[in-house]
Amino acid sequence: MAEYKLQTPLSDEDVSKLKAGDIVYLSGTLYTARDAAHKRLVELIEKGEKLPFELQGAVIYYVGPTPPKPGEVIGSAGPTTSYRMDSYAPTLIEHGLKGMIGKGKRNEAVKEACKKYKAVYFGAVGGAGALLAKRIKEAEVIAYPELGPEAVRRLVVEDFPVVVVNDTYGNDLYEEGRKEWAKE
Amino acid sequence: MRTIAYNDIVKAIRDTIIYSTTHLSEDMLKALQEALQKEESPVSRAVLEQLLENAQLAAKETKPLCQDTGLAIFFVKVGEDVKIEGGSLKSAIYEGTQKGYEEGYLRASTCDCFTRQNLKDKVGYNLPPIIYFDIVPGDKLEIEFAAKGGGSENGSRATMLAPAQGIPGIRAFVKEVVSNAGPNVCPPIVVGIGIGGSFDMAAVMSKHALFRDIGSSNPDPELDKLEKEIQEELNKLGIGAMGMGGTQTVLAVHIETYQPGRMCHIASLPVAVNIQCHSSRHAHITL
Ligand code: SF4
């Protein structure tokens, strides 16, 4: 269990040194997207059109925050369950996405894509929305404002705490962690 | 007859929603602290520490504990001698819910189940709530409220076992549900189990079981023993906090049966499992 501080965008070299179970503090830009936004991003790729942000080296955070109070950068902003993005993630990874932040299990296709194109899936602590919001310094809607909490936002984060769940070598923290601590 | 003003109900519900979505339930706070003492896995301990820090921060800044501020769920007991003045009880609950979620800067998470369009403009901000009414003797109005997130609901299941499957069948089903849910339901969790009644009632009881304080015992000694045994068995799965591996996955198991008599039909054994994530947002109002 190593600890790293990384700056986004991430390179192949950055993600290759990470192993499932490592703690990473991310700084730089993250983009937010949930199911509805993912569907649109994949449609743009299929049509060969330009995406609302640079995908190469990008990290996408699966989150639908609460509305900010006056004077706040963002409301509560913890991760949402990731499997809803499983059918779209491999296409994005193939086109340069290097990191995803969410909570919960991914399917085989996503894990395979992480191995093949070098990308990692990070877990953030679900339900720690107030704490995680503290690490978000800027937030701005950059696409699909009509989707409300599901719009695509550009976030600037500082030392955003995540744990590597699926690395570029096919390891899975959920499976290994459980095996290690199971008592039967 | 005792009269309760419509506006008092609206205000009580509004305030309760804002308070409970920003202040972790006392029993959950205590349970997480105890889990941190007992947890052996370092990753799980790091998660538990973050959760305790999150609870502190949320209370200090009146910021939602979790961004999924859930569906609003109400179990309401209306005393037979209560009269509501100034409007209907149902509309008071709707109005209190809308006000609490909107004025508390909570998330509107209700949508049309086909088009997936948010209902905040068509029906109201995070409306409609889910309400279970019961009529009881007396002149009090008792309201239990929970903000229930989607993640832990998605990991919940119900089934109809054959009566011959009995307690071993119930245990196997609960284990299967918790094991499959794994990290997705944000462990550590409380497992609510509804046994008996009818297909629908088992599910309602499994949800209501989550209102019981963590650490309290089941009034039925036989079920109390079963709860503890199931909890121990589930903690052997090794799921840990946020599913990252560990020994403290299930903080409590709460079983509810249909009363009187732990009733069900002679041909059936309904069982439902409702999971409560660590972001426990429950409250009790008596008016
Ligand atoms: S399961 Fe609970 S803690 Fe996790 S995201 Fe949903 S509401 Fe929040």
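Visitor: What does contact mean here?
Guide: Contact means that heavy atoms lie within 4.5 Å. The model is predicted: local features need pLDDT of at least 70, side-chain atom pairs count only at pLDDT 80 or more, and totals for chains, interfaces and linings use all residues. Residues are numbered from 1 along each chain as its sequence is written, and side-chain values use heavy atoms, with hydrogens and water left out.

Visitor: What share of contacts in chain A join residues at least 24 apart?
Guide: Counting contacts between residues at least 6 apart in sequence, the share is 61%.

Visitor: And how many helices and strands does chain A have?
Guide: Chain A has 6 helices and 7 strands, taken as DSSP runs (helices H or I, at least four residues; strands E, at least two) numbered from the N terminus. Their order from the N terminus is β-α-β-α-β-α-β-α-β-α-β-β-α.

Visitor: How much of chain A is buried?
Guide: Buried residues account for 58% of the 184 residues in chain A; buried means under 20% relative accessible area (1.4 Å probe, protein chains only).

Visitor: What are the dimensions of the box filled by its C-alpha atoms?
Guide: Along the principal axes, the C-alpha atoms of chain A fill roughly 50 × 40 × 30 Å.

Visitor: Turning to chain B, which domains are assigned?
Guide: Domain 1 covers 2-20 + 65-148 and domain 2 covers 150-280, with bounds from an automatic or database domain assignment. The centres of these two domains of chain B, over C-alpha atoms, are 26 Å apart.

Key:
Chains lettered and ligands numbered in written order. Buried < 20%, exposed > 50% of the residue type's maximum accessible area, 1.4 Å probe, protein only.
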